[in-house]
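Subject: Handing over the structure

Dear colleague,

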Amino acid sequence: MLRNVLLKTLRDLRWPTFWTGLGLGVLGFYFMWIINTFENTFDWKGLMDQFPPAMKALVGGQLIDFSSPTGFLNMELFPLILPLVLAGFATALASGATAGEEARGTLDVLLAEPVDRARVLVEKTIAIIAGTVAVGVALFAGIWLGAIAVGSRPDLALVAAGVLSAILLALAFGGIALAIACATGNRAMAIGLTGALLVVTYFVNALAPLVDMLDRVRWVSPFYYYIGNDPLRNGLDIGHAAVLGCVAVAAFVAALLLFERRDLTA
Amino acid sequence: MGARAGSPVIATHDLTRYYGRSRGIIDVNLEVRAGEVFGFLGPNGAGKTTTIRLLLDLIRPTRGHAEMLGLDVRHDRLAIHRRVSYLPGELALYGDLTGAQVLQYLGNLRGGLPGKEIAGLADRLQLDLSRRVKAMSLGNKQKIGLVAAFMGRPELLILDEPSIGLDPLVQQEFERWVEEVRADGRTVFLSSHILPEVEHLCDRVGIIREGRLIAVEHVADLKSRALRRLEIDFGGDAPPEVFADLPGVQDVAVHDGVLRCTVMGDLDALVKTAARYHVRDIHTVETSLEEIFLAYYGKDVNRHVA
C-alpha cells in the first residue's frame, strides 16, 4: 500500500472511511427497521399535520410521502442527515489532503521526491472520491440489508439515485474545500469556510418554500441540485447531477491551479 | 556518476525572495561545483532554508532563477528530483508508518530501491526500522532522514542542518558517509550554523547573513583566520602586556589571574608565551558566527569569493 501517493492515501483513509461507512450503513439499516415499526403503530401523518410549516420545511416536510418505504427515507435520512454527514466527510478529507501534510511538514519531504504537485493532488483526489463513494455504497448496503431483514420492498433504484445524488453533492463540497486548502494550505480554514457554506446553502434551499427572497436565490444552493428534483421519487435528474459534477470539477481545476503556483509553508 | 566536470551542480542567479520586510534572501549568486562538499553557513534565520526550499521548488523566487545539474529548478523539477535528495531542516515524517515503511514509500516514489541498500544504511546507524516513527526519538527520526537522503546514491545531496539531534557516534558515521559521497565524485550541499562542523566536512563554504551571501571561502583559508576566545588561568602572576603585543591576539584582559583574549589564526605564539608561566587551566570558548562575521568582515558586507 506504499507503492504510490494514491495507494498511500487510500491506506491513510481506510479507518475514517470504514467507521463513517459503518455508521451510515447501520443508520440505513436502522431506518428500514423503524419504518416497519412505525408504519403499523404510529400516526405519523397526524403528528406531522400538527407541525408548523417552518418546522416541516426544516425536517424536509415538503417531501413527506407515507405510501412507501422510500417516502420515510425521504423524510428523515435524505434531506438532512445524509447530505450533512457525507458532505462533511468529503470536506474533512479534502481539507486534509494536501493541507494536512503541509501542516505536519511531510509535504516538503513528499514534493522533494520526483512527483509533481499536480500528480500528488490528482492521486489524493481519486482516493477521496473512492472514500466518499465507499461511504455512500455502505449506506445503500445498510438500507438494502435492512429492507431484506424486515421484509420491506423499497425501490432500490430510487434509493441508489438518492445516494448517488448525495455523493455528487459531497464531491461538490469536497472540491470547494480542496480548492480552499490548496490555495491557503490552511486546513482549519478549509473546513470552517466549507462547513459554513454547507450550512448556509442548506438553509437557503430548505427555507426557500417559506421565504420568497430565498426562493429566488435557491438555484445557487448545491442542495437544490441535490434534492430539489426529489431523486427518491423521480430518480436522478441528469441536469441537476451535472451541475453538481461541474461544481466539483471546476473546484478541482481551481485547486490544481492554485496549488501549483503557491509557496508551500515550511 | 557526477555531473559533467566543470559545470556547476548548483547555480543561482540573483536569486531573491522577500518575505515581508526583514526575512528572505537577496541577490544570492551561488555556485557549487561537481564533486565538492559545500557548506552553507549562517546564523539561524539568515536565509539558508529559504535558499534550499527555492532550489527544490517548494517556494518560488521573487526574482532571479536557479539551476541544478544544469537544469532549471522550476521547469525541470521532476528530472532534477530523480537525481537529487533532500533532508529538511525540520524533518517531519509519517508518524503512523514504521521507519521501514517510510523509507519504502520514499524509495517507491523514486522508482523503487533495493531493500538491501536501505537495510544496510540503517544497520550502519544502528537504526531499528521496525518501530513507528511517532514513537521514535528526535535522533532516530533524523537517522531515517539521513538514510532517505543517502539511499539510491543521488548525484546531489541537499542536507539542511543534518547534524541536528545526532549523537557523536552517529555524527562520525554521518561524516564517513559524506566522505564516501565525495570519494564517489558526487556532490553534497549542506547547511549549518556551526562553524566547526562545516570546517570539518567541507571543501568550500558560503557564508550567508541577513539574506545576503557575503563570502565564499575555501575552508583552508577560513581556518587560517579562525577566531577563538581563550581563557588561561595563571593563578596570579601573568603580565597582560606580554600577551597584548602578540600577533593576532586581541581584547586582552586579566581578572583574578585569569587572562581572557581573542585570537585570530593559530595559537602558536600565545601558547609558547604562556608556557613561560605557571598555567593552571586553559579554556577555549566557541565563538559565535556573529562574532566571526564581525571579525572577518566588519559591518561591510561586500562579497568575498574564492
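The model is predicted, so local features need pLDDT of at least 70 and side-chain atom pairs count only at pLDDT 80 or more, while totals for chains, interfaces and linings use all residues. Residues are numbered from 1 along each chain as its sequence is written, chains are lettered from A and ligands numbered from 1 in the order in which they are written, and side-chain values use heavy atoms, with hydrogens and water left out.

Because Arg60(B) lies in the loop between α1 (48–55) and β5 (63–68) of chain B and Glu260(A) in helix α13 (residues 238–261) of chain A, the pair joins two chains; helices (H or I, at least four residues) and strands (E, at least two) are DSSP runs, numbered from the N terminus. Arg60(B) is buried, at 8% relative accessible area, whereas Glu260(A) is partly exposed, at 31% (buried is under 20%, exposed over 50%, partly exposed in between, with a 1.4 Å probe and protein chains only).

Within chain B, Arg77(B) and Asp57(B) form a salt bridge of 3.2 Å, N to O, which links helix α2 (residues 77–81) to the loop between α1 and β5, 20 residues apart. Both pairs belong to a network of salt bridges whose members include Asp57(B), Arg60(B), Arg77(B) and Glu260(A).

Best wishes

Terms used:
Salt bridge = Lys/Arg side-chain N within 4 Å of Asp/Glu carboxyl O.
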